[in-house]
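Subject: Structure handover

Hello,

Here is the structure for you to look through. Please open it first, then read my notes below.

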Number of protein chains: 2
Amino acid sequence: MSKGESTREAIVHEALNQAVQIGLEGISIGVLATSLDLSKSGLFAHFKSKEALQLAVLEEAIERFARKVILPSLAEPRGEPRVRALFCNKLAWMEHTGFGAGCFFLSLEQEYDDRPGPIRDRLIQSQRDWSEVVTRAAALAVRERHFHASVDPEQFAFETVGIWRAFQQAHKLLGDPKAKARAERAFERLIDEAQHKKRS
Amino acid sequence: MSKGESTREAIVHEALNQAVQIGLEGISIGVLATSLDLSKSGLFAHFKSKEALQLAVLEEAIERFARKVILPSLAEPRGEPRVRALFCNKLAWMEHTGFGAGCFFLSLEQEYDDRPGPIRDRLIQSQRDWSEVVTRAAALAVRERHFHASVDPEQFAFETVGIWRAFQQAHKLLGDPKAKARAERAFERLIDEAQHKKRS
């Protein structure tokens with residue numbers, strides 16, 4: 001890695017640390033330059049604009065999520081084992097392997113809720129990609145005959161997303177000690193139905 | 001209503017309009033005073049601090065939610081009809097009868113995620129109360145024998161919250177035209193199981 005590349009990487013990492021605490025809009029070029037011992041213009045040599053930096057930070061977060069949640073799950077056998085791995089790895093991400101301050105992506109969703117532009121577009125794309133990963137894993141589980149042929153993989157993904165989000169609220173905001181057990185039980189119900197039931 | 005009371009009410013309403021757009025922390029006493037044609041000190045005569053105003057705004061939001069979502073649902077017969085009404089009224093709230101900018105409470109959850117204090121405490125209490133309303137409605141459905149005796153009302157409430165949250169993301173962030181149909185289908189599955197199935 002060249003010096004330029006490693007400086008760029010250090011900037012993105014530090015900016016991500018800031019963003020996890022205060023949001024992507026809260027990133028301050030001044031604070032960032034000071035904490036990295038760079039001049040503001042030195043920093044702008046790597047990123048032409050604050051928005052370009054914000055996009056790089058979001059990209060880094062998306063990559064970390066892929067490394068911690070998606071890739072290890074794809075290493076599991078296709079079918080139910082992979083679906084289960086996606087569920088558990090994402091739950092662990094929200095609980096402790098993520099950025100340690102709740103779910104960064106959920107915060108961004110609120111932050112960019114009504115703020116159109118390239119950051120919101122990239123965020124939406126990442127959430128669509130993630131739903132697609134879960135949908136594909138469920139479709140493979142149907143193909144492997146682990147799930148009943150009547151299962152709708154998109155619906156399965158929608159409901160799994162719901163369980164994660166209910167967990168996030170119960171665990172993070174409400175401090176409910178039963179949050180994880182409830183999420184796991186909801187997921188078992190979903191899996192159980194996917195295995196056995198036929199519904200229109 | 002006295003003049004003081006109606007001024008106080010006007011301040012809270014205008015502050016709520018601001019907060020829906022930019023969050024509770026974003027409320028500006030200066031902007032508020034200007035738009036209501038009051039002096040800052042006149043405004044502070046009604047609220048001793050910004051935090052007192054923020055709490056009043058949150059209280060107003062909680063009351064509106066109760067009026068639009070909870071009260072009409074409690075008017076339905078106890079049991080499954082009431083559970084269904086809670087589900088539908090909350091879905092409608094997120095879709096259009098709420099504050100029109102996604103779910104205000106969800107935004108607050110992110111805003112006060114890591115910001116301890118009376119506002120976060122009140123927010124948490126309101127979310128616990130709301131879960132409790134759904135839990136009680138499900139427990140009554142068990143008592144009325146609309147739901148199977150093996151149904152755990154708290155688990156039912158947890159999973160219902162998940163469906164609302166999945167809907168929120170699909171509808172608001174991803175703009176998924178199938179969001180509502182998916183939420184309704186997930187809820188029918190939950191109801192269907194509550195009526196018929198026994199699970200540990």
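Start with a loop. In chain A, Asp37(A) sits in the loop between α2 (29–35) and α3 (40–46). This is a predicted model, so treat every value here as computed. The phi of Asp37(A) is near 60 degrees, a positive value in a residue other than glycine. Is Asp37(A) buried or exposed? Asp37(A) has 8 C-beta neighbours inside 10 Å, so it counts as exposed. The cut-off for exposed is 12 or fewer.

Now look at chain B. Asp37(B) lies in the loop between α2 (29–35) and α3 (40–44) of that chain. Asp37(B) is not a glycine either, yet its phi is positive, about 60 degrees. With 7 C-beta neighbours inside 10 Å, Asp37(B) counts as exposed.

Next, the overall build of chain A. Chain A has 9 helices and 0 strands. Read along the sequence, its pattern is α-α-α-α-α-α-α-α-α. Its C-alpha atoms fill a box of roughly 60 × 35 × 30 Å along the principal axes. Of the 200 residues in chain A, 37% are buried. Take the contacts in chain A with a separation of 6 or more: 59% of them join residues 24 or more positions apart.

One residue pair gives you a sense of distance. Glu63(A) is in helix α4 (residues 50–74) of chain A. Glu63(A) is exposed, with 10 other C-beta atoms within 10 Å. Asp192(A) comes 129 residues away along the chain, and the two C-alpha atoms are separated by 32 Å.

Then go to helix α5, residues 80–97. In chain A, its buried residues are Arg82(A), Val83(A), Leu86(A), Phe87(A), Lys90(A), Leu91(A) and Met94(A). What covers them? The cover includes α4, α7 (118–143), α8 (153–173) and α9 (179–196) of chain A. In chain B, the buried residues of α5 are Glu80(B), Arg82(B), Val83(B), Leu86(B), Phe87(B), Lys90(B), Leu91(B) and Met94(B). They pack against α4 (50–74), α7 (118–143), α8 (153–173) and α9 (179–196) of chain B.

On to the core. The largest nonpolar core has 96 residues. Those with the most contacts inside it are Ala138(A), Phe167(A), Ala138(B) and Phe167(B). Leave aside the neighbours of Phe167(B) within four places in sequence. Phe167(B) is then in contact with Leu91(B), Met94(B), Ala179(B), Lys180(B) and Ala183(B). Leu91(B) and Met94(B) are among the buried residues of α5(B).

Last, the two chains together.

How many residues meet? In chain B, 29 residues are in contact with 29 residues of chain A. On the chain B side, α6 (104–111), α7, α8 and α9 each supply at least two residues. The largest share, 12 residues, comes from α8(B). That side of chain B divides into 11 nonpolar, 7 polar and 11 charged residues. The copies meet through the same surface, because 100% of the interface residues of chain B are also interface residues in chain A.

Best wishes

Notes
Residues numbered from 1 in each chain as written. Chains lettered and ligands numbered in written order. Predicted model: local features only at pLDDT ≥ 70, side-chain atom pairs only at ≥ 80, totals over all residues. Buried ≥ 20, exposed ≤ 12 C-beta atoms within 10 Å, placed from the backbone. Helix = DSSP H or I, 4+ residues; strand = E, 2+ residues; numbered from the N terminus. Contact = placed C-beta atoms within 7 Å. Core = buried A, V, L, I, M, F, W, Y, C linked by C-beta atoms within 7 Å. Nonpolar A, V, L, I, M, F, W, Y, C, P; charged D, E, K, R; others polar.
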